[in-house]
Amino acid sequence: MTDSLYPIAKVAHLLSLGQPDELVLVRGWVRTKRESKQDFAFIELNDGSCLANLQVVVPGELPGYATSIKELSTGTSVSFKGKLQASQGKGQRIELLASELHVLGTADPATYPLQKKGHSFEFLREKAHLRPRTNTFGAMARVRNAISFAIHSFFQERGFLYVHTPIITGSDCEGAGQIFQVTTLDLARLAASGRAVDYSQDFFGKPAGLTVSGQLEAEIFATSVGDCYTFGPTFRAENSNTTRHLAEFWMVEPEMPFYELADNMTLAESFVKYIIRQVMEKCGDDLAFFNERIEPKLLESLNNIISHNFIRLSYTEAVEILQKSGQSFQFPVEWGVDLQSEHERFLTEQHFAQPVILYDYPRQIKSFYMRANDDGKTVRAMDVLVPRIGEIIGGSQREERHDVLVARMQECGLKPEDYWWYLELRKYGTVPHSGFGLGLERTVQLITGMVNIRDCIPFPRTPKSAEF
RNA sequence: UCCUCGAUAGCUCAACGGUAGAGCGAGCGGCUGUUAACCGCUAGGUUCUAGGUUCGAAUCCUAGUCGAGGAGCCA
């Protein structure tokens, strides 16, 4: 059906730049059809290149009109040749007057699951193979793409190296949550035999699992080739059933030598703002859609984020604010306990109504690798909290002093010999360094206003759910 | 994992322990440069599963499965 007279065009291109009398070939899927029995029909054609549809006018005199128009129900794939013309109707600048149509694949309206009208997100999660054909999930896919691109360009513009850290990692070395085990052992036979598992017989000769973080490996490169970042899938086998946790998610983890905590916070703030600005620039229509249909204050809150400095607040100051707030919290606040969701929400949504960076947390509630402060009580950790989502970034300055790190590991019940290579980074040419992790899906949540993180990734993996 | 709520037509939901309905979607017809089009008619049900109570269960009880919201874990 290709034809040099009719150049192939994307709907996004035609809607923004198409001119009357241009001949084009467009291909996509029918969203809706409005029929005028004798005369002609309007087809709303979507090809995913943008949120909007191209209105195609199919005249009644087209050969085979009666049969082919009947097939053009919602979900049908079709290609049209025709001529652009200024639209007589309201709602679109330009439309296509079809001169030829080919139905590529029909979609039986009696069984096609997607209707013209909206569906609940719960229903659409069961149709993950078709939901990208809806406005919301098409928009989500484009925004997610723009965020991913912005992540790379932010770091590439600053000379960071993109480092690929392993997906499969050896043993229980990371301590950041439950790991998914990776094995080639025949579990059914093992269970039947009643024998103990002998990991020396396993593929790697020892227990292995899916990564929960690329941080430790990123530190290897930060302390050799300089500023770097990882960006890839991450796995947590926690039995988490919330709107902001996934068993498989994507995480960005920059790691920078010579950065102290304040530098880390500055980078994190620039990073979040950069991503939002990029998406606003590239996906304006999609964000307008989310603002209209999903979260009415979305654009207002995104503008608020990019136009103010993030509040920087020590954990100790935060505790004081919460204690003096007069709020009745379900969980009382006292120095030394981790802050609850309700506390974080109070700070970001009510007290400041802005993103907040909390830092210098009590050492007993944070990880072994975070650098100890001189007060003996706190470590140089920082969390970036945003309204509605909560923690979007968690990071720290890393402990670079060999003896302090060893002592801290022992205090946390970890065996230093398991981390021999991590410790050698401190033994040979150690430097102060810092880094953080940003959850991609939570960023999608923040920027789209989508309530549930399961709707911010194409194929969500959660407990009891991995159909697609 | 804990707490709470839910599961009925393709979808979203009603139905006091007593004949399972509506709106939307779909099919058919009408009307119309329409645009979440509109108007009329028609079809469509193992009420999540397994037990139990009862003359009688969508409805009450028990267990389970799945889903949602909140909490924890965190990105």
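**Notes on the predicted model**

1. Helix 6 has as its buried residues Gln215, Leu216, Glu217, Ala218, Glu219 and Ala222, where buried means under 20% relative accessible area, exposed over 50%, and partly exposed in between (1.4 Å probe, protein chains only). The helix runs over residues 215–222 and is mostly covered, six of its eight residues being buried. Helices (H or I, at least four residues) and strands (E, at least two) are DSSP runs numbered from the N terminus. The buried residues of helix 6 pack against strand 7 (168–170), strand 10 (228–235), strand 11 (248–257), strand 15, helix 13 (420–427) and strand 16 (433–439), contact being taken as heavy atoms within 4.5 Å.

2. On conventions, this is a predicted model, in which local features need pLDDT of at least 70 and side-chain atom pairs count only at pLDDT 80 or more, while totals for chains, interfaces and linings use all residues. Residues are numbered from 1 along each chain as its sequence is written, chains are lettered from A and ligands numbered from 1 in the order in which they are written, and side-chain values use heavy atoms, with hydrogens and water left out.

3. Chain A is assigned domain 1 (11–105) and domain 2 (133–177 + 212–455), with bounds that come from an automatic or database domain assignment. The C-alpha centres of domain 1 and domain 2 lie 45 Å apart, and seven residues of domain 1 are in contact with eight residues of domain 2.

4. How much area do domain 1 and domain 2 bury between them? The value is about 580 Å², with 45% of it on carbon and sulfur atoms; buried area here is the accessible area (1.4 Å probe) that two parts lose on being put together, summed over both. Of the area that domain 1 buries against domain 2, Trp29, Arg31 and Leu51 supply 76%, more than any other three residues.

5. Between domain 1 and domain 2 the count of salt bridges is zero, a salt bridge being a side-chain nitrogen of Lys or Arg within 4 Å of a carboxyl oxygen of Asp or Glu. The structure as a whole holds 20 salt bridges.

6. One of these salt bridges joins Arg380 to Glu260, with the closest N and O atoms 3.9 Å apart. The pair links distant parts of the chain, since Arg380 lies in strand 14 and Glu260 in the loop between strand 11 and helix 7 (261–282), 120 residues apart. Arg380 is buried at a relative accessible area of 18%, whereas Glu260 is partly exposed at 39%.

7. The side chains of Glu292 and Arg293 meet at 3.7 Å, N to O; Glu292 is exposed at 62% relative accessibility, and Arg293 is exposed at 60%. Arg401 pairs with Glu399 at 2.7 Å between the closest N and O atoms, with Arg401 partly exposed at 26% and Glu399 buried at 1%. Salt bridges that share partners also join Glu219, Glu255, Arg398 and Arg426 into one network.

8. Asp360, in strand 13 (residues 356–362), has phi near 55°, a positive value in a residue other than glycine. Arg388, which is not a glycine either, has a positive phi of about 75°; Arg388 lies in the loop between strand 14 (378–386) and strand 15 (390–398), and is partly exposed, with a relative accessible area of 34%.
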